[in-house]
Amino acid sequence: MKAVYFTGDVSSVERGLSLLQNKLHFRLDRSQTPIQLIHRKGPLTVEKKANDITISFAEATHCFRGLNLLFAHWEKTNFSFKEYPQFEAIGPMVDASRNAVPTVKKIKELLATCSVLGLNQLMLYMEDTYEILEYPYFGYFRGRYSSAELKEIDDYGDALGIEVIPAIQVLAHLKNPLKWNFTREFRDTEDILLVDEPKTYQFLTKAIQAVSQPFRTNKIHIGMDEAHQLGLGQFLQKHGLQNRFDLMNRHLAKVLEITNSLGLEVEMWSDMYFRLGSKTGDYYDPDFDIPKEVVASIPEVKMVYWDYYHHQEAEYLQLLAHHKELEKPIVFAGGIWTWNGIAPNYSKTIATTHAALSACKKQQISSIYATLWGDDGAETPLDTALYGLQLFAEHQFNTTVTDELVALRFNELQHESADSFLLLDCFDQTPGVAPENPDGSAVSKLILYQDLLLGLYDKTIEVFPLTEHYQKLAQELAQCETSDNTVALFVYYQLVAEVLASKTSLGKQLQEAYLTQDKTSGQQLLLQVEQLQLLIDKLRKRHRQLWFANNKPFGWEILDIRYGGILSRLETTHWRLTQWIEQDEPLEELAETRLPFDGPYPMPEGIIGRNLYHGIVSPSKLSDV
C-alpha cells in the first residue's frame, strides 16, 4: 500500500480520495510522498519526476483516473502522460428493472470503478423499482429502492464526482406495474399508459416527484420508447383512432408540465418518432417520414439515440444526421451486451462501440451512455461488463482506440485480464456464428435451457462441433487469470462451460439410441443424465451465490424456477429412459423428427439462434391464455 499525501486543489476531490483509499491501495501520511493537485480546465495530465508529482485535472473523476494511472506506474522514476476528454458526460446505464436490482453496496462498488476509470455519470434505469408511497403496489416484491437508498447512492456518487441520474418510464415498458388493479383506469394496453386520462397524470406526478427527490441532479430520463401499441387499446375504445404523432406530442407536453414544475431537465428515447414515421415501424428505417409540423410541435427535450446494433461508422453518421432533423439536442446510448444470453456478447460490443463512438466524436455529441440491459431475467452478472466499461472509458480519453490499448488500461486500472474477459465472448461466438456475432446469436442459452427429450435446437446445432468448443472453453476458463474480485465469476462460467459441454450432444445421442433401439447405449446415457443433474445443481448454487452477493433477493425466484425446470425435466428424462429400457415403453418425444429451429427471428447464415426463455424450453405455452 502506497503512502502519500495531497497538496494544492484538494477540496473538490477530498471526499472521493477518502472513499477510494482501499480501492486504489493507498493511505494518507504527511511524512510520505506529496502529490500536487491542480484543478483547471484542459486535459488530464500526470507528471512524475522522482518525488515531484503533479496531477492536473478538470473534473474529480479525471483526477481519480490520473491517480490510478500514476499508481500503475509508481515504480518509474520519471513518468508522464496527457489525455484529452472527448465527451462532457459519459458512463453506464444500469438496468434495475429486469428482475436483478443491484444492492446499494453493488452500485457503490460500480460507482467507485467508474470514478477511477474517469467516467462521470451513471444512469439508474427503474421501471417500477423505486418507491412511490401513494401507490404501494408499484414495485411490490420487485426489490424497489427506497428514497433513502437512492439518496445514499446519490451521496456516494457525488463524493466521487459522478452525476447519478434517474431513468424511468412515463408511457410504455410498464407491464409489471400495470398488471395491478390500481392502474385499471389509466391503462391503455398491458404495458402502456392511457394518454389524456387525468389519473395518468396524477400517477405520473407522484412518480416523478418520488424518483427525482432523492437526487441532486436536475436531470431525468423519461423513457417513452417502444410504445408500439400506443393509442390502440382502451384509448381506441374511448376515443377512436387518432394520429399517433399527436398522441406522443400531447402526452410529452403533459409530462413536461410536471417536470417543468420540478425544475427538471428531460431526456427521452427517440425511437417512437422514427417508428411512427416508418411504414414498417423500424427505428432505423432510412425511408422514415416525420412531417415538419410534427417536428415543430415536439416539446423541448433531449433526444437519446440508442443503437448497439450497427457495425459501421458510416451507419451511425447517417442515423445521427437523421436525428438532427428532429431539431433537438442529441444524446447517444450505446451498449455493453450483457443482455444477449447467459454470457456477454463482446464481439458485437467491441465492433459497435468503436464504430458508434468514433461517429459521435466526429459529430461532437457531448453525452454518452453505455447501456447494461438485463433482458429476460438478468441472467448475465453485472461484473461481466467491466471490460466494456474500460472500452467506453478509453474512448472518453482517446481520439482513436485500439483493442491493445483497452487491454493495457484494463490491466493497469482494474487489474483484470482482457484475455480472460474475452473468453466469456466464446460462449456465443461459436463455430457457425459469423465474426463479431452481428445477429446476436445466443447459442449457450439455447443449449442450457433446451429440453433433452424435445431437442428443439438439436437439428440446428448438430452440424457444428460445439461439444468440443465448450470442452476447450472450460479448460481455458479453468486456467485463466482472475483477480480476487472476479474469481467467483470465472468459477461460475467454468461450470457453465462444463454444463454445455455435457449437454450439447446429449439429446441427439438419446434420440439415436432410441431410434436404433440400442439399450446398452441407453444405460450409459442414463449415467450421463445423472451426472448432468449433479452438475446443473452445482451451477445453480454457484449462480445463486453470485446473485445474492450483488443483487437484492427479489427476482432470483425466476432463475430458481428455470434451474428447477431443467432439473425436473432431467429427472423426467431419466424416468422415461428407464421406462423404455426396462419396460419397452415407447418414447414419442424421441420418435419425433427433428427440424431446424425457425423463429421467432430471421435466421440468416451466421446465426445459430437466439430466443427468450419461454421460446427455448418448449413449443407449448409456458403461461398465458
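Is Cys426 buried, partly exposed or exposed, and at what relative accessibility? Cys426 is partly exposed, at 23% relative accessibility. The model is predicted.

**Cysteines**

A disulfide is a covalent bond between the sulfur atoms of two cysteines. This structure contains zero disulfides. Take Cys426: the closest cysteine sulfur belongs to Cys480 and sits 11 Å away, too far for a bond. The cut-off for a disulfide is 2.5 Å between the sulfur atoms. Cys480 is likewise in no disulfide, and its nearest cysteine sulfur is that of Cys426. Cys480 counts as buried because its relative accessibility is 17%, and buried means under 20%.

| Residue | Relative accessible area | Class |
|---|---|---|
| Cys426 | 23% | partly exposed |
| Cys480 | 17% | buried |
| Tyr140 | 37% | partly exposed |

**Surface patch**

Tyr140 belongs to a nonpolar surface patch of about 420 Å². Tyr137, Phe141 and Phe554 are the other residues that make the patch. Tyr140 is in the loop that runs between β8 (121–125) and α5 (147–159). With a relative accessible area of 37%, Tyr140 is partly exposed.

**Second largest pocket**

Now the pocket. The second largest pocket has a volume of about 580 Å³. Its lining is made of 25 residues. Nearest the centre lie Lys23, Glu109, Thr113, Gln414 and Asn485. Which helix gives the most to the lining of the second largest pocket? That helix is α4, with eight residues. At least two lining residues each come from α2 (21–24), α4 (104–117) and α15 (403–414).

Methods
Residues are numbered from 1 along each chain as its sequence is written. This is a predicted model: local features need pLDDT of at least 70, side-chain atom pairs count only at pLDDT 80 or more; totals for chains, interfaces and linings use all residues. Side-chain values use heavy atoms; hydrogens and water are left out. Patches are made of residues with over 30% relative accessible area and no salt bridge: like charges are joined within 9 Å, nonpolar side chains (Val, Leu, Ile, Met, Phe, Trp, Tyr) within 5 Å. Accessible areas come from the Shrake-Rupley method with a 1.4 Å probe; for residues, only the protein chains shown count as cover. A salt bridge is a side-chain nitrogen of Lys or Arg within 4 Å of a carboxyl oxygen of Asp or Glu. Helices (H or I, at least four residues) and strands (E, at least two) are DSSP runs, numbered from the N terminus. Buried means under 20% relative accessible area, exposed over 50%, partly exposed in between (1.4 Å probe, protein chains only). On a 1 Å grid over the protein atoms alone, a cavity is a set of points where a 1.4 Å probe fits but cannot get out, and a pocket is an open set with protein on both sides within 12 Å along at least five of seven lines; lining residues have an atom within 4 Å of a point. Grid points are joined across faces, edges and corners, and a volume is the space filled by probe spheres set on the points.
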